[in-house]
Amino acid sequence: MEPIVLNGHDLTLDDLDRIAYDGAPVEIAAEAMERVRKGRRTMEKLAHEGKAIYGFNRGVGWNKDQSVLENQIEQENRRVIYSHALGYGPYNSVEEVRAMMAIRLNNLLIGASCASDDLVEMYRLFLNRGITPRVPRRGSVGEADITTVTHIGMAFAGENDVTYQGTVMSAGEAMAREGIPPYRWQLKDAHTVMLSNSQGEGTAAVLVRETENLLAMSDLIYCLDYEGLNGNVEAMREDVNALRGLPGQQQCAARCRRYLEGSYLYAPDAHRALQDSLSFRGGFTITGTVTDALDVVKKFLAVQINSPSDNPCIIPETQELYVTSNFETTSLAVAVEMLAIALGHLSRTINYRMIKMADPNFTGLTRFLAPRNGESYGYSQMQDAFSALDAENRFLITPSSVDFFAIEGYIEDHASNLPLVVSKALKLVDNIRYLVGMEALYAAQAVDLRGPVKLGKYTQTAYDTIRREIPMLDHLRPIQDDVQKAYKIVRSGVLLKNIENL
């Protein structure tokens, strides 16, 4: 597999996806490695000249007034690592941790961090040899993920657990199998490992990927549901949406027109409603809103994965070093919360479509889309299940970025809670996968009850994908099994894979 060459400045979210999900190896640009060395020489020179440097010759946090002698460096690094590795389960996924390591490695290559060559190499080796530290999901307040990403440093030293070749084992054992000696701490490397927002950023990168896939699948199922309704697609027209000019709305309308290419909905029908309820008529505008919010997240994330979070920070190509608050992540955290609110609108809209599809006065079909032979009640109690999910989703969109205490001797009196904010958004995405799966059941059932009708080029493939796993509900059987199968279809991404080559 072609390696991703990191240089500190132009890591993209697509590159990060390849590293995190596909296991793409990483290499380091020669000029970037030279910047690392120049930065380190600058910090060492300033320290030897007597400059107080936080995390190097001075302690961290409330201990910033404590001097650290040169012969105490390794011991001080161990004190820092052991006192800060405080995260608690559950654990981040392998993909999330690989994204974290790639982001931090890329940050180090800017030359602002005073990292040792050996530390930089550790990140590269762990990524390329498939050794993934077990990083707890909880414990960080987001002003650098100092209590969670520190577990990566513990693994570098051969301590704590890692995932290696699909198995959880001790870091020391995995490193021994790869011939990698445990790391010996030097310079301010422990502080450099932990002074990173890479947990919040890495999980946000995963959130971006999973949200993009969710939106594409939601639009596909929405279009199939619209065919089950025999809806009016005038609102999707290109010229109609160009008048409004909202980029996400235009993008999603175009995607829906593509999904419905060749559909019977484009043929005149005297029985079709003049216009449909907003959950149908404007369904693509809601995914468009989520798309617009997602673009804001991507904007801030692209900046952060290519910029240093270090304090203090060397100004590259100079002899200058200054204290900073560049570990601040509130812009990204607030953007993710905005995305979560937009996803909340998607959750509610999907639910309203399912409520409408159960009403024969709206669809002209059977009540609860029950089979015409009366063998079952159809999806009569599905409304309890998706209503409960939506209630949970309303809880998940509640802002958390404003919840913090003043800690460390009242010095650290601001926080963004970025890891928590992203973790809630990821849970929200997974809940909506269930809702999209439920809507897929409604959509396919409605098409069967209305049929035979000519489906769109892409919606036909979606229908076929669903029906290969879940037959029409035309006899009595447990509905729960169908819901779980539909969720797995959505989570697996097979809906998108099956339309890729059309």
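**Group meeting: a sheet, a helix and some salt bridges**

Let's start with the sheet. Three strands make an open sheet, ordered β4-β6-β7, and the pairing is antiparallel. Keep in mind that this is a predicted model.

Which strands sit at the edges? They are β4, residues 131–133, and β7, residues 167–170. Each of these pairs on one side only.

Look at one pairing in detail. Strand β6 covers residues 161–164. β6 and β7 pair antiparallel over 4 bridges. For a landmark on screen, take T163: V168 in β7 stands opposite.

What packs on this sheet? Helix α4 does, and the helix touches β4 and β6. The direction of α4 makes about 95° with that of β4.

Stay with α4, and move on to charges. The salt bridge count comes to 22. One of them joins D310 and R104, with the closest N and O atoms 2.7 Å apart. Where do the two residues lie? R104 is in helix α4, residues 94–108. D310 is in the loop between α13, residues 283–304, and β8, residues 313–314. So the pair ties together parts that are 206 residues apart in sequence.

Are these two buried or exposed? The cut-off for buried is under 20% relative accessible area. D310 comes out at 0%, so D310 counts as buried. R104 comes out at 1%, so R104 is buried too.

Next pair. E212 and K298 meet through their side chains in a salt bridge, 2.8 Å from N to O. This one also links distant parts of the chain. E212 belongs to helix α9, residues 198–229, and K298 to helix α13; they are 86 residues apart. What about accessibility? E212 has a relative accessible area of 33%, so E212 is partly exposed. K298, at 25%, also counts as partly exposed.

Third pair. D482 forms a salt bridge with R477, and here the closest N and O atoms are 2.9 Å apart. Both D482 and R477 are buried.

How values were computed: Residues numbered from 1 in each chain as written. Predicted model: local features only at pLDDT ≥ 70, side-chain atom pairs only at ≥ 80, totals over all residues. Heavy atoms only, no water. Salt bridge = Lys/Arg side-chain N within 4 Å of Asp/Glu carboxyl O. Buried < 20%, exposed > 50% of the residue type's maximum accessible area, 1.4 Å probe, protein only. Pairing = 2+ DSSP bridges. Contact = heavy atoms within 4.5 Å. Axes fitted to C-alpha atoms, helices over the stretch in contact; angles between N-to-C directions.
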